[in-house]
Amino acid sequence: MTDLTQVGLLAALQARREAGSRPGERTDGLRIALAVEGGGNRSAYSAGMALALDEAGLTDAFDDVYGTSGGALNAAWLLSGEAQRWMRSWAWPEVAAAKITDVRRMLRGGPLVDLRRLVHHVYESITPMDFAAILANPIGFHPMATDSRTGEAADLAPYVTDRLSLQTALRASACMPLLAGRPVRVGGRTYVDGGLSEGVPYRTALAQGATHVLVLRTRRSDQSAEPPSRLERIVLAPYFLRHGRAAGAAHVRRHQSYTADDVHLAEASAAEVALLLEVRPPLGAPDVSRLSSDLDGIAAAIELGRATMAGLLP
């Protein structure tokens, strides 16, 4: 087989597809990872991109998939083998009717965003996720979260051993501070939203030996993460004081991390031979907020993400 170690990422994926290369049985010397950004319902964009990859028959060309928050949910759907059936469910009325996000629940002392309802009800009864297929998939699944005590990024893959631990890891990766309730306990430690420490989870992929990383983004190139407002810091201060000051510090620094990632990824994607490539929603793509209830807008974001990714594929 041709030496692909210095071949661009898209060419490497195409070569694997044409060769019928299977995860766990590679002979090309590469380790190709997919990194999926989240952002609440803004994850509709990365959902569409992941859907296009699956439609193009490229899912099996990856060795590992990393996802943060909503990106971890998209990664799970991709590895379930049923992305084309369920990925668009971000915009389905029956999912919205399950009230994952409900202001009235918060007024009663519950979480605004109920991740237990999402993972243990919606993913069990409304859009059944094949957890067994994810666990059996030879492609490594890496849900990223933030250690609430240290504020550091954590790959929860070592703790994902069965159905319940997989469900718990998905909740931990997406546990928005305060809005989704207290941190989620995994393996004796507690975790919150991975977006606080590694919102774009490609650095862990590189640190773990990836030679190529395709990064699915949910922000346009003219969008950047803003630092938390003074009001937001005041509101969240008691939460972090109780559950992890280091995570609170990570929350304050989050926009700096995103800015550094934006610069690094833009430069890497522009290289003559791109081994690290990001795909973003196009300029002019509509904003989708993390708590958006606009199902038409979410559906449009999925299709725009899908078209953007499909337009780049060989």
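Trainee: How many aromatic pairs does the structure hold?

Mentor: The structure holds 4 aromatic pairs. Rings of Phe, Tyr and Trp (its six-membered ring) pair if their centres lie within 6.5 Å; planes under 30 degrees apart are stacked, over 60 edge-to-face, and the rest tilted. This is a predicted model, in which local features need pLDDT of at least 70 and side-chain atom pairs count only at pLDDT 80 or more, while totals for chains, interfaces and linings use all residues. Residues are numbered from 1 along each chain as its sequence is written, and side-chain values use heavy atoms, leaving out hydrogens and water.

Trainee: How is a pair of aromatic rings described?

Mentor: A pair of aromatic rings is described by the distance of the centres and the angle of the planes. Here W77 and Y123 are edge-to-face, with 5.2 Å centre to centre and 80° between the planes. Ring pairs also link W77, W86, W92 and Y123 into a cluster.

Trainee: Is W77 buried or exposed?

Mentor: Buried means under 20% relative accessible area, exposed over 50%, and partly exposed in between (1.4 Å probe, protein chains only). W77 is buried, because its relative accessible area is 2%. Y123 likewise counts as buried, at 5% relative accessibility.

Trainee: With which side chain does the side chain of N74 make a polar contact?

Mentor: A polar contact is a pair of N or O atoms within 3.5 Å; within protein, one must be able to donate a hydrogen and the other to accept it, and residues adjacent in sequence count only if both atoms are side-chain atoms. The side chain of N74 makes such a contact with that of W90, at 2.7 Å. N74 is buried, with a relative accessible area of 0%.
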